[in-house]
Structure formats: C-alpha cells, structure tokens
Amino acid sequence: MERDGIFAGNNPFEIAREWLAEAERTEINDPNAAALATVDAEGLPNVRMVLLKEIGEDSFVFYTNYTSAKGRELTVNPRAAMLLHWKSLRRQLRIRGAVTREEGPAADAYYASRSLGSRLGAWASRQSQPLSSRAALMAEVAKVTAQKGPNPSRPSFWGGFRIAPVEIEFWADGAFRLHDRFVWRRQAGNETWNVERLNP
C-alpha cells in the first residue's frame, strides 16, 4: 500500500512522534493535550483532557492521581481510547488499547521534573472528590507544603498509565471532506501491524 509524505514509515510510534514534534512547532497551547476516554463500572463512557507525556517504543503515557475518576475507571476496566487533535495541522491521532500502570523509575523521574507547586498540588488534591471551597484546597496545599518541604517524594496514589495500542489511526484533513485516514491494527501482544486506508 502506498503511504508517502506525512504517512510514510514502517513504525507507527515513530510517525506519531514526528507528528507530535511538528505540532510542538505550530500549536499555540499544549500540543500534547489529548482527550482520554474510559468507561465506568456500569459501562458508561467518560472523557476528559490529559497531557500526553511520552510516546515510547510501544506505548503512550500520561500521569494522574490513581484515585481520580479516570484512575478508578482504568483500574476496573484497563482499556482506553485517546485522541490528539492538532487544529493548526488539521490532523488527528487516534489510539485504542490496553492500559497498565507506570509506577516505577519513569514515574519518579517525571514527578521530580515537575514544578514544586505541581508536586505539592499532587499531594494536596483529592482529585475528582467533592471540594467545599477554593480556600479549603489552598489550606491543604499550605499544610502539605509545611509537611513535605521543598523536595516531596512521589505520592503512592499518583503515577502513570501506559496505553499499549492495538489500533492507531492517522487522520489528515482533505479538500471537500475527502480526508486521508490510515489505521494500523494488531492483536494484543503481537508486534506485527496491518495497515489499511479507510474511507473518509
């Protein structure tokens, strides 16, 4: 199958990294912003924006509080879909697959790379839980700041999730809504990809 230009390549993760690098030069804000879709225990879908922090050799990684709504949903049903939409490039990247936690050195290193305020905020926020007021949150931040000091360790309830995709779709806008779409599919645990062009 002929795939040239922005679709060329034999490794979808390399193509995805190239697209993200190009978006980093053109998007005004957060080129790594991604819509993350999960389902709850009853099968009801949920979606929110997260920041994609790594495109690895075989996975896409983001970080969050494990007790948040998305963390709880991924614990019950460890599958997710992710969408990156780059308006300036008129492109989309769609990912679907199984999810595992990233709790090791990579999570520690990413946590340590964040600003002190963000590290303390991870300790202070009971993400997705009811909050009585902004003042209550800031009081908790002050309390955590006094307790944890200038070099807090990564909370055990905070870390990463890796999506190991079984499907990756590259989408580019076309004239008259005749878009170009190529989907890469593989079985879970299989390294062999099948690539198809899809109708727009």
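A pocket here is an open set of grid points where a 1.4 Å probe fits, with protein on both sides within 12 Å along at least five of seven lines. Keep that in mind for the views below, which all come from a predicted model.

**View 1. The largest pocket and its lining.** About 280 Å³ of space lies in this pocket. There are 16 lining residues, and Tyr 63, Thr 64, Arg 114, Gln 127 and Trp 158 are the ones closest to the pocket's centre. Strand S2 (45-51), strand S4 (60-65) and helix H4 (116-124) each give two or more residues to the lining. Sorted by class, the lining has 7 nonpolar, 6 polar and 3 charged residues.

**View 2. Zooming in on Thr 64.** You'll find Thr 64 in strand S4. Its relative accessibility is 3%, so Thr 64 counts as buried, the cut-off being under 20%. Leaving aside residues up to four places away in sequence, Thr 64 touches Lys 70, Gln 127, Phe 157, Trp 158, Gly 159 and Phe 161. With one of these, Lys 70, there is also a side-chain polar contact of 3.0 Å.

Technical notes. Residues are numbered from 1 along each chain as its sequence is written. This is a predicted model: local features need pLDDT of at least 70, side-chain atom pairs count only at pLDDT 80 or more; totals for chains, interfaces and linings use all residues. Side-chain values use heavy atoms; hydrogens and water are left out. On a 1 Å grid over the protein atoms alone, a cavity is a set of points where a 1.4 Å probe fits but cannot get out, and a pocket is an open set with protein on both sides within 12 Å along at least five of seven lines; lining residues have an atom within 4 Å of a point. Grid points are joined across faces, edges and corners, and a volume is the space filled by probe spheres set on the points. Helices (H or I, at least four residues) and strands (E, at least two) are DSSP runs, numbered from the N terminus. Ala, Val, Leu, Ile, Met, Phe, Trp, Tyr, Cys and Pro count as nonpolar, Asp, Glu, Lys and Arg as charged, and the others, Gly among them, as polar. Buried means under 20% relative accessible area, exposed over 50%, partly exposed in between (1.4 Å probe, protein chains only). A polar contact is a pair of N or O atoms within 3.5 Å; within protein, one must be able to donate a hydrogen and the other to accept it, and residues adjacent in sequence count only if both atoms are side-chain atoms. Contact means heavy atoms within 4.5 Å.
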